[in-house]
Amino acid sequence: HKLLKKINYSTEKEEEQKYFHKAPEQLVAIIKINIQQKAALNFTNIANDNIQQQQQEQDEKNNDIIQEQQRNEQRKKRTLDAYSNALQAVEQTLIALERQK
């Protein structure tokens with residue numbers, strides 16, 4: 001039992017030493033490149049999201065402008081129709097007054 005503890009203890013010490021050894025430069029370089037690639041990808045995704053959001057906001061503004069223009073056109077048409085109806089009513093009234101003479 002004591003021998004087993006001694007073996008486990010020495011194995012743990014060896015693992016600790018291996019764990020805290022300096023990593024090889026090549027491994028550090030690979031990890032650094034991976035981190036940079038992920039950061040660049042995240043930056044690109046964020047930039048794309050911002051562009052999409054700005055485009056969506058611009059599309060909404062454009063839609064609002066188009067709808068406002070359509071409402072104005074409808075208002076103009078109704079005004080013109082009302083004017084035409086009023087003009088026809090005046091003409092009919094004048095014709096009726098002429099007939100009464």
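Mentor: Let's start with a definition: accessible areas come from the Shrake-Rupley method with a 1.4 Å probe. Keep in mind too that this is a predicted model.

Trainee: How do I read burial? What share of the 101 residues counts as buried?

Mentor: The general idea is a cut-off: buried means under 20% relative accessible area, exposed means over 50%, and partly exposed is in between. In this protein of 101 residues, 0% count as buried.

Trainee: Let me try that on one residue. Is Lys76 buried or exposed?

Mentor: Lys76 has a relative accessibility of 54%, so it counts as exposed. Lys77 also has 54%, so that one is exposed as well.

Trainee: Now salt bridges. How many does the structure hold?

Mentor: The idea is a side-chain nitrogen of Lys or Arg within 4 Å of a carboxyl oxygen of Asp or Glu. This structure holds three of them.

Trainee: Which residue forms a salt bridge with Glu68?

Mentor: That's Arg71, with the closest N and O atoms 2.7 Å apart. Both residues sit in helix α2, three residues apart, which is about one turn of the helix. Glu68 is partly exposed, because its relative accessible area is 33%, and Arg71 is partly exposed too, at 39%.

Trainee: Where do Glu73 and Lys76 lie?

Mentor: They're both in helix α2, again three residues apart, or about one turn.

Trainee: Last topic: patches. Which residues make the nonpolar surface patch?

Mentor: Residues qualify for a patch with over 30% relative accessible area and no salt bridge, and nonpolar side chains are joined within 5 Å. Here Leu27, Ile31 and Ile35 make a nonpolar patch of about 270 Å². Take Leu27 as a worked case: it's in helix α2, and it's partly exposed because its relative accessible area is 43%.

Trainee: Which residues form the negative surface patch?

Mentor: For charges, like ones are joined within 9 Å, and Asp and Glu count as negative. The patch in this model is formed by Glu57, Asp59, Glu60 and Asp64. One of them, Glu60, lies in helix α2. Glu60 has a relative accessibility of 43%, so it counts as partly exposed.

Definitions and conventions
Residues are numbered from 1 along each chain as its sequence is written. This is a predicted model: local features need pLDDT of at least 70, side-chain atom pairs count only at pLDDT 80 or more; totals for chains, interfaces and linings use all residues. Side-chain values use heavy atoms; hydrogens and water are left out. The place of a charge is taken as NZ of Lys, CZ of Arg, CG of Asp or CD of Glu. Helices (H or I, at least four residues) and strands (E, at least two) are DSSP runs, numbered from the N terminus. Buried means under 20% relative accessible area, exposed over 50%, partly exposed in between (1.4 Å probe, protein chains only).
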